[in-house]
Amino acid sequence: MRVIVIGGGVIGTTTAYYLHADGHEVVLVDREQQLATEASFANGGMLHASHTEPWNTPAAIGQLLRWIGREKSPLLLRPSQIPNLIGWGLGFFRYGMPKHHHRNTRVNARLAVYSIECMRQLRAETGIAYDERASGILKIFHDSDEWVAGRTASERVRDLGVRYQMLDTDDVMAIEPTLDAVRDQIVGGIYYPDDEIGDPCLFTRRLGDILAGEGAELRLGESVTAINSHNGSVTGVTTDQGTIEADKVVLAAGSEAVALARPLGVRLPIRPVKGYSATVDVSDCDSVPTTPIIDAGRKVVITALGQRLRVAGTAEFAGLNRTVNENRVRIVLDQALANFPRLASQIDYNAVEPWACLRPMTMDGPAILGETPVDGLYLNAGSGHLGWTFAAGAGRAVADRVAGRSPAVDIEGLKYSRFTR
Ligand SMILES: Cc1cc2nc3c(=O)[nH]c(=O)nc-3n(C[C@H](O)[C@H](O)[C@H](O)COP(=O)(O)OP(=O)(O)OC[C@H]3O[C@@H](n4cnc5c(N)ncnc54)[C@H](O)[C@@H]3O)c2cc1C
């Protein structure tokens, strides 16, 4: 069977890997000259089953509304975007209600746990290296109420296989001694031993090389302009360079999936949520944290990837605008380095690589995987803040659906049909 995958980010490329492993003739199309040029280029690097709560918590929604238009806030809603967000935003509020939020956290956690297992298997099968480390992830808290809330959230997903250890301040220092300078500001932490980190861009490009080496067709620098169908069944795609025919198409185009699906009557409740990262070589610094850290209150992540330090965070509703705003990069960097004053004094700020991109976020939180009402058109879209975490599990589950198999993970709560009932 010939299968086209639209989008060579981490999600599309991993899906292509599993489709190829199933023996299909795979065509992976991306508009950029290289894979992983958009959201999968320089994200936080974390594969975190520990961090699967959808972002529409009542606290976050309150902060978002309080901080509308405030350039320095970690959550920023630009007033010009409010008209584009009305329908999606109402859903975002509604699915923030505890019963929905708790269920969707579990849907995400189940897929995340499965995905980390799949990633370990994929690593063993391919020998792929991507500055990965199975080091676990440490969440730190500056506020006791947030620490308690973090424990409650972790308890909700423990039975799904998300292991965690509650830590007092001394325990946090034992795991990550470079935090010692701010010891008096940290009330506690939670350590998740099964989480991992790695560079999603290295991973995606190396996986692309493996696929190309094994005969999959990578069509880079080619933009899909339409998904073609006849009598309700998909027939292929039209690109800026011609037509490609196929038996099935998987749409994995990140935030652009919405516009490609709409002419076929598939309305995806996905909106772009912009985030920023900063990456800097720290090979000359002597106080680099070795444990990946999520600073829960400041909403930033801090990850050492090989000789580089990556910090990432902020959520900005700015439409499809991918412009890198240096001020917001600096906010993320300063928030992260507030925990590491010695490192902050050692970094060469001129060498910092700034980056911004769009998380494709569904209104309820979980991704959208599998069939659509158009026969032969499948989705692997809307992974939001969890696309790197989900890549292997979601890719495998979608390949299973294309082959007509039941995925090994329960995908109830992840299907498109949840929005059409
Ligand atoms: C600041 C930040 C930090 C993050 N940190 C983490 C983290 O620590 N852990 C985690 O799990 N997730 C994280 N994420 C989320 C994660 O990066 C995304 O969920 C993930 O990269 C989405 O992958 P994707 O393949 O769906 O999208 P993308 O990587 O955007 O890929 C979509 C691809 O589709 C292509 N495309 C689009 N339109 C067309 C077209 N018409 N024709 C052809 N090709 C097209 C694009 O060129 C692109 O390559 C973070 C995101 C951000 C922004």
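Helices α4 (residues 98-126) and α11 (residues 387-402) pack at an angle of about 80°, with their axes 7 Å apart; α4 and α11 are therefore roughly perpendicular to each other, a class that spans 65 to 115 degrees. Axes are lines fitted to C-alpha atoms over the stretch in contact, and angles run from 0 to 180 degrees between N-to-C directions. The model is predicted, with pLDDT of at least 70 required for local features and 80 or more for side-chain atom pairs, while totals for chains, interfaces and linings use all residues. Residues are numbered from 1 along each chain, and side-chain values use heavy atoms, without hydrogens or water.

On the α4 side, the contact (heavy atoms within 4.5 Å) includes Asn-108, Leu-111 and Tyr-114, and on the α11 side Trp-388, Thr-389 and Arg-396 are among the partners. The residues of this contact divide into nine nonpolar, five polar and one charged, with Gly counted as polar.

Helix α11 also contributes at least two residues to the shell around the ligand, as do α1 (10-21), β2 (25-30), β14 (270-281) and β18 (353-362). Of the 36 residues around the ligand, Asp-30, Ser-40, Met-46, Gly-384 and Thr-389 come nearest, a residue being included if one of its heavy atoms lies within 4 Å. The shell comprises 14 nonpolar, 15 polar and seven charged residues.

The protein covers 97% of the 990 Å² of accessible area that the ligand has on its own (Shrake-Rupley method, 1.4 Å probe).

Terms used: Helix = DSSP H or I, 4+ residues; strand = E, 2+ residues; numbered from the N terminus. Parallel < 35°, antiparallel > 145°, perpendicular 65-115°, else oblique.
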